[in-house]
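This report concerns aromatic contacts, charges over rings and a surface patch. The structure is shown first.

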Amino acid sequence: MNYNFDETIERRNTYSLKWDGAELIKQFGITDRYDEDTIPLFTADMDLPVAQPIVDALHKTVDHRIFGYTILPDAYFEAIQKYFHKRYDWAIDKEQIVFSPGTVHALNIAVKALTEPGDGVIIQRPVYPPFTSAVEGNGRVVKNNALVMDEDGRYSINFEEFEELAKDEDTKLFIHCHPHNPTGRVFTPEESKKLADICKRHNVTIIADEIHGDLVRNDQTFTPMVLAADETDHIITCTAINKTFNVAGLHCTNVIIENEDLREKFTVELGMQLPTPFTVAALIAAYTEGDDWLSQVNEYLDGTLEWMQEFLAEHMPKVKVRIPEGTYVMWLDFRGYGIDDKEIHDRIYNKANVILEDGTMFGPEGAGFQRICIPSPRPLIKEAMERIAREFEDLN
Ligand SMILES: Cc1ncc(COP(=O)(O)O)c(C=O)c1O
């Protein structure tokens, strides 16, 4: 089946965080202006229709008319095993799969289960803000191994500093974001192996959030950390249908934990978590019949990212940008305009009436940057970008 991702699907009045969550968005401090003319491109879900097999599976679930307590059937685990085997040649044992109603939830559980208050947790800023809150919100201490940007806007890891931080007696956990949000890096197997080796040497457990792993550019290959590393019993991996198949509202993350002791600690902290019948139906459909849709969506994202790069070069040449290797977020460097963050924000959010995400939300390293989520119909992205470009014309 061919999907038309240029189609506009009205999301207002569907309880969408992005389109109906004005109050929450103001409360989060993302912006003060939100009205019926606002274009929200801040949160990482897609304004694109999901795969038809998922829609069909959900219809079937609704038509049954009873939505009681639900189990994780064998078919659920088999779907996960087959998907990761086929896509990455990754053999996952059934016992290693732990269901969690969301990835951020799983990160918080890992912090609570595997560290003590006051312990250090490494993260690599600028990074998805809930990494910081999972650490600080649970009374642990952030050890920031900031990624380093080169002249071309590509980020890399400061391994020396990483090892220094890992060596600290009180460092117990590393929350790894791969592909990295917001910088878009897909780490090479060599980089992943090096991180895994260092953590192994210094008894640091890794929780690798790899939920953007299926969304990489055509010329990129994503290698799960456990396949790059020699030793893997200190690595926990978060996988999910949430981002890949645009079903974030169904809250379905599967945490792969090889080490029995870590799995025991994690599951005790997690407590009993049952899925919804919609979650189970969607996962089985996505992982067994979603391939065709996924390649079409990746192709569409590639096209939008290329369009963005060309548009910026022509209309906002002072914005520096790279096509991300993975994820569907773009990390826009506005520093060339020589104005402060407040003015950048004012021009985009108040004057153009487009909501992105201020770079500083991802850590102080994000000053002068904006993150845009681009998995929307291209006409909407175009309208948003034209509005923004108009507000910066005088500075070109
Ligand atoms: C790196 C990363 N992890 C986790 C999440 C949220 O995942 P979930 O909805 O499964 O909690 C996001 C959403 O943007 C993300 O980018």
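## Charges over rings

In this predicted model, the charged end of arginine 378 is placed over the ring of tyrosine 300, at 4.1 Å from the ring centre. A further case is arginine 347, which lies over the face of phenylalanine 392, 5.7 Å from the centre of that ring.

## Aromatic pairs and cluster

Tyrosine 300 also belongs to one aromatic cluster, together with Tyr3, Phe5, Tyr83, Phe84, Tyr88, Trp90, Phe222, Phe245, Tyr287 and Trp293. With ring centres within 6.5 Å as the criterion for a pair, the model holds 22 aromatic pairs. One of them joins tyrosine 83 and phenylalanine 84: their centres are 5.1 Å apart and their planes stand at 80°, so the arrangement is edge-to-face. Tyrosine 83 is buried, at a relative accessible area of 4%, and phenylalanine 84 is likewise buried, at 5% relative accessibility.

Phenylalanine 84 forms an aromatic pair with tyrosine 88 as well; this pair is stacked, with 6.0 Å from centre to centre and 25° between the planes. Both residues lie in helix 4 (residues 74-88), where they are 4 residues apart, about one turn of the helix. Tyrosine 88 is buried, as is phenylalanine 84.

## Nonpolar surface patch

Leu17, Leu24 and Phe28 make a nonpolar surface patch of about 250 Å². Leucine 24 is located in helix 2 (residues 22-27). Its relative accessibility is 36%, so leucine 24 counts as partly exposed; this value is over the 30% required of residues in a patch.

Methods:
Residues are numbered from 1 along each chain as its sequence is written. This is a predicted model: local features need pLDDT of at least 70, side-chain atom pairs count only at pLDDT 80 or more; totals for chains, interfaces and linings use all residues. Side-chain values use heavy atoms; hydrogens and water are left out. Patches are made of residues with over 30% relative accessible area and no salt bridge: like charges are joined within 9 Å, nonpolar side chains (Val, Leu, Ile, Met, Phe, Trp, Tyr) within 5 Å. Accessible areas come from the Shrake-Rupley method with a 1.4 Å probe; for residues, only the protein chains shown count as cover. A salt bridge is a side-chain nitrogen of Lys or Arg within 4 Å of a carboxyl oxygen of Asp or Glu. Helices (H or I, at least four residues) and strands (E, at least two) are DSSP runs, numbered from the N terminus. Buried means under 20% relative accessible area, exposed over 50%, partly exposed in between (1.4 Å probe, protein chains only). Rings of Phe, Tyr and Trp (its six-membered ring) pair if their centres lie within 6.5 Å; planes under 30 degrees apart count as stacked, over 60 as edge-to-face and the rest as tilted. A charge sits over a ring if NZ of Lys or CZ of Arg is within 6 Å of the ring centre and within 35 degrees of the ring normal.
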